[in-house]
Amino acid sequence: MRHLKLKKKTGGELVLDLCFPCQGIWFDSYESEQLTPESIVTLFRLIQTHESEALHPQAPILHCPICNDRLNSCHDRTRSGQFTYHRCLQRHGRYTLFGQFMIEKGFVRQLVPAEIRSIAASIGTIRCSGCGAPIDIKTQDACPHCGAPVAILDPNAVTKALAGY
């Protein structure tokens, strides 16, 4: 993993662990909530610069890098929709895929059922923005592999999120 120093809301810095081939971020406890708006924008831009790199498939079972316990799959909700992540039950932190981080921070929005139906009429299968697995959007509204909801990088959502940060 690559280490990235970013500013905290309370002053000082925090260090995130990023894996571009896995498209994931390890947040120690509450680090995602501690990021300054400037840090969120910096991280968003960094993710975008690495989007075309070769990807590794997500492991079926993820482990905490601190205690090596199995990570638990979780769902949470923000203004921009539901996002998924994997957390350590010992409270060491959480592993979040880039696509899910972008939903959490408002850069990506989930598709409404009418949009999914419209896309499904012309495109049968799309790739998950979280893990890259195929999603048959005619029959599925979330990734069967990682559980991530169908979402898109919406230019209007990006503009709105950047203005907010």
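Helices, as the term is used in this talk, are DSSP runs of H or I with at least four residues, and strands are runs of E with at least two, numbered from the N terminus.

Good morning, colleagues. The model shown is predicted: local features need pLDDT of at least 70, side-chain atom pairs count only at pLDDT 80 or more, and totals for chains, interfaces and linings use all residues. Residues are numbered from 1 along each chain as its sequence is written, and side-chain values use heavy atoms, with hydrogens and water left out.

I begin with the overall fold. The protein chain contains 5 helices and 10 strands. Its C-alpha atoms fill a box of roughly 50 × 40 × 30 Å along the principal axes. Of the 165 residues, 44% are buried, where buried means under 20% relative accessible area, exposed over 50%, and partly exposed in between, with a 1.4 Å probe and protein chains only. Contact means heavy atoms within 4.5 Å. Among contacts between residues at least 6 apart in sequence, 53% join residues at least 24 apart.

I return now to the loops. Gln23 has a positive phi of about 55° although it is not a glycine. Most residues other than glycine have a negative phi. Is Gln23 buried or exposed? Its relative accessibility is 14%, so Gln23 counts as buried. Tyr30 also has a positive phi, near 65°, and is found in the loop between β3 and α1 (31-34). Tyr30, however, counts as exposed because its relative accessibility is 62%.

Next, a helical position. Ser39 lies in helix α2 (residues 37-49). With a relative accessibility of 3%, Ser39 is counted as buried. Leaving aside residues up to four places away in sequence, Ser39 touches Leu6 and Lys7.

Finally, the aromatic residues. How many aromatic pairs does the structure hold? There are 4 aromatic pairs. In the pair formed by Phe83 and Tyr85, the ring centres are 5.7 Å apart and the planes stand at 35°, so the pair is tilted. For reference, rings of Phe, Tyr and Trp (its six-membered ring) pair if their centres lie within 6.5 Å; planes under 30 degrees apart count as stacked, over 60 as edge-to-face and the rest as tilted. Both Phe83 and Tyr85 are buried.
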